[in-house]
Structures are given as C-alpha cells and as structure tokens.
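Please examine the following protein model, which is presented with its sequence.

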Amino acid sequence: MNRRSQGERTETTRAALVQAARGLFEERGYAGTGTPEIVAAAKVTRGALYHHFTDKAELFEAVARQLAQEVADEIARQASGHSDPVEALMAGAQAYFAAMVRQGRARLLLLEAPAVLRAEQVMALSDVAGLGALQEGLQEALQGDDKTAVPLRELAVLLSAAFDRAALAIARGESAAPYEQAIRLLLSRLVA
C-alpha cells in the first residue's frame, strides 16, 4: 500500500483550501465568501482550515499571492527575447493587461487586496506581480542615464500604479488599445 507522507497530506490539504477559496473569491468576492463554503468546497474540516491559515484574510493572501505569481510568469514569458528595452517594457505591459483581465484578477488584486490586507502585504503582492521586473526593465532602458539621479524603485512604483489603473479600466470592458498607446508614449518619452 502506497501511503502519503504527512508533508504530502499537508500540502494536498493546503492546496485544496487555496483552490477552493480562489474559485469562491473569484466568483463572489472576499466579503461574499464564508469559511463554511470554503471548507465545503475543499472537502476538508473547519479545523483543517484553521490549522493551515490563521483566518480567512491569511487564506485570501495565499490566493492573491498565487494570482500575482501567475501574472508575473505571464509577463516574464512575453517580455523575454526583446532586445529593445522599450519593446520589452511594452510587451510586459501588454502581458500585464492581458493577465489582469482573466477571471477576476484585477478585482481581487487591485480592489479587494487593498481592502483586506495590510499595506505592506499589498506592496509585497505588487512586487510579486511584476514590480521588480518593471524596475529591472527601466534600469536597462535607462542604462545611459546617471543612476544616482533616477529613483528607479519609486519610478517603477508610479508606473505600476498607472498600469494598475489601466488594468482596472480594461477589466471593466474598456478597449486596451488606447491604454497601450498611452503607455507606449509614456515609456518612449521616459527613456528617450
């Protein structure tokens, strides 16, 4: 008989909770989802939920971190292979917009996460979802400039906020093309 180790059972239970919560959060939002519904969907006990997560907010953070990592992975796939820094940044921006439209990501990461999580947790999610890649892209694009004069992290944070606002508009159904055009103009002027 092939028995699973305690570590495997723990990981399976944790993954089931995150997957169930993710589906419910995407469908109903954080406030509209109760822990009884999560444990029922995950087919685990309430005790199992609280063994793995201190509360629903911690479970939400795990879901949001998973979503943010998926966004980052999509950006990395699309932005790699571009020799021109502006084109790499644009490919990353387009990948970000496309990734954020999927299955409620913009709502969960950009609207609900700031309402549920602490500010430092939200910034950590932003770091996971591509802020670091944006900062690296800006550093490469601004290579000839005096690095001491360019506050790269702060510039990346400000641009990231612009990307987030565009992602919310696109997720609401607005056309992506004007936002992509505006981002291209902003990036090309920035690195000119």
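**Briefing on the predicted model**

Along the sequence, the protein follows the pattern α-α-α-α-α-α-α-α-α. It has nine helices and zero strands, where helices (H or I, at least four residues) and strands (E, at least two) are DSSP runs numbered from the N terminus. The model is predicted, so local features need pLDDT of at least 70 and side-chain atom pairs count only at pLDDT 80 or more, while totals for chains, interfaces and linings use all residues. Residues are numbered from 1 along each chain as its sequence is written, and side-chain values use heavy atoms, with hydrogens and water left out.

**Confidence and dimensions**

- The average pLDDT (the predictor's confidence in each residue, from 0 to 100) of the protein is 91, and 96% of the residues score at least 70.
- The C-alpha trace spans about 60 × 35 × 30 Å along its principal axes.

**Helices α4 and α7**

- The axes of helix α4 (residues 56-79) and helix α7 (residues 119-141) cross at roughly 30° and come within 6 Å.
- The helices α4 and α7 are therefore roughly parallel to each other, a term for angles under 35 degrees.
- On the α4 side, the contact (heavy atoms within 4.5 Å) is made by residues including E61, A64, R65 and A68, and on the α7 side by residues including Q121, A124 and L125.
- The residues of this contact divide into nine nonpolar, three polar and two charged; Ala, Val, Leu, Ile, Met, Phe, Trp, Tyr, Cys and Pro count as nonpolar, Asp, Glu, Lys and Arg as charged, and the others, Gly among them, as polar.

**The largest pocket**

- A pocket is an open set of points on a 1 Å grid over the protein atoms alone, where a 1.4 Å probe fits, with protein on both sides within 12 Å along at least five of seven lines; lining residues have an atom within 4 Å of a point.
- The largest pocket is lined by 33 residues, of which A129, G130, L131, L134 and S160 are the closest to its centre.
- Helix α7 supplies the largest share of this lining, 12 residues.
- By class, the lining has 22 nonpolar, eight polar and three charged residues.

**Residue L111**

- L111 lies in helix α6.
- Not counting residues up to four places away in sequence, L111 touches A106 and L168.
- The C-alpha atoms of L111 and L168 are separated by 8.8 Å, although these residues are 57 residues apart along the chain.

Terms used. Axes fitted to C-alpha atoms, helices over the stretch in contact; angles between N-to-C directions. Parallel < 35°, antiparallel > 145°, perpendicular 65-115°, else oblique.
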